[in-house]
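Colleague: I would be grateful for a close look at one part of this model.

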Amino acid sequence: APRELVNKPRRFGPLIQLNTRGFLSNLRQHRMCGLSIIHMAQQARAFWRQAPRKGPQKKGKGGDPGEQSDGEFLYFDQKGSSKDNGKAHEYSWRDWIDIAVKWRQVSEPNDPVFWIDLLAPEAFAEGFGLQTPMVTGQMNVIRYYLYFDRALEVVKKLIVDSGACNVHDQRFMLPRSKLDQLQEAKSCHDMWEVMQQGFYVETPCHSIARPGKSMAGTRITLLQKQPDGFDFTIRTPGTPPRWVEMDAEMSHVWRLLQNEARKKEGPDVDKFTELALTFYFYYVNFGPLSRGTAATGYIAFFALMLSIGYEVQCSPPEGTQVDWPAILSPTPTDFVGEVRKWMYPARKATDILDNCPHVAHHCATARRMTEALNVV
């Protein structure tokens, strides 16, 4: 790989680093992040600059470039797409995210980074569940416990509003006499004393593709763990019906991003940033990967901004992660309102894509990708 191809992404690599307890620095993941951001930004910009077309794309097969636009190519190999088993189809949000997924896979082959709907059919049908613990047994999980109090407040509100479900998926309402005790609960033990059984609540995720509709977000679960502990976790079900709903949501936001990016007068930066964050919001609520959803989603946000000529040079403030506020917020508007105060001021115009080697050309194979990641 040309030296310039390795040097240019260095400025973007550290963006993926979280400044919070439990997350160690990993230089190889930084390189993966930088290369992936530029690769995705180049491909998104090539796609924005194409004339909109209807129907499946016939070009770009077998690794050949797609249509040329102002010296840029959309490298779209349908045979290698994770969508529709490689059949002819229009370039979609999933084809674009595939870029980040492949970089994440190559950067650490021991990590199981797979699309959940491409796992064994019986695993997908049963609803492959992503699980992230805040408390496990008697241990507070150092990475995620900082969101315990916020998650607990969400649980309390949902129990009051719509009850909870037991381990057999049967909904039940809490007696009025216990509502005061619920509000005073501060720990897993307190919650167990109130509920007297294992339970989960389902956070709402409001649709923008179908205004007024609410989808299943994530499940916040409390279970007793012998001898004297509890499991307090978030679980994201990957069931086929939920997949269809979330895929439609992602496709809708992808179309809105296209429309904004292709405006003759150029995109409105605030509007585009809001849409890019909305894309991230639905993606992490979707949780379509067996691992790496938060990382690939965050990379996608930076790549979207870079595709219209803006870089966002800031990592999340100390003690914050970006995916948890998205998962615990019911609407993208709530999420955008929370992160914009530190993210929007960090935006600045850049022309780095104008004189950067084309990553898709130089890193067209797993071998070339590995070589780029191995350069010191």
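Modeller: The model is predicted, so local features need pLDDT of at least 70 and side-chain atom pairs count only at pLDDT 80 or more, whereas totals for chains, interfaces and linings use all residues. Residues are numbered from 1 along each chain as its sequence is written, and side-chain values use heavy atoms, with hydrogens and water left out.

Helices are DSSP runs of H or I with at least four residues, numbered from the N terminus.

The crossing of helix 2 with helix 10 is right-handed, meaning that the near helix is turned clockwise from the far one by less than a right angle. To the contact (heavy atoms within 4.5 Å), helix 2 contributes Met32, Cys33, Ser36, Ile37, Ile38, Met40, Ala41, Ala44, Arg45 and Trp48. From helix 10 come Ile299, Ala300, Phe302, Ala303, Leu304, Leu306 and Ser307. These residues divide into 14 nonpolar, two polar and one charged, where Ala, Val, Leu, Ile, Met, Phe, Trp, Tyr, Cys and Pro count as nonpolar, Asp, Glu, Lys and Arg as charged, and the others, Gly among them, as polar.

Elsewhere, helix 8 (residues 240-261) lies across strand 7, strand 8 and strand 9, running at about 135 degrees to strand 8. Helix 9 (residues 269-286) also lies across strand 7, strand 8 and strand 9, at about 155 degrees to strand 7. Strands are DSSP runs of E with at least two residues.

Conventions
Axes fitted to C-alpha atoms, helices over the stretch in contact; angles between N-to-C directions.
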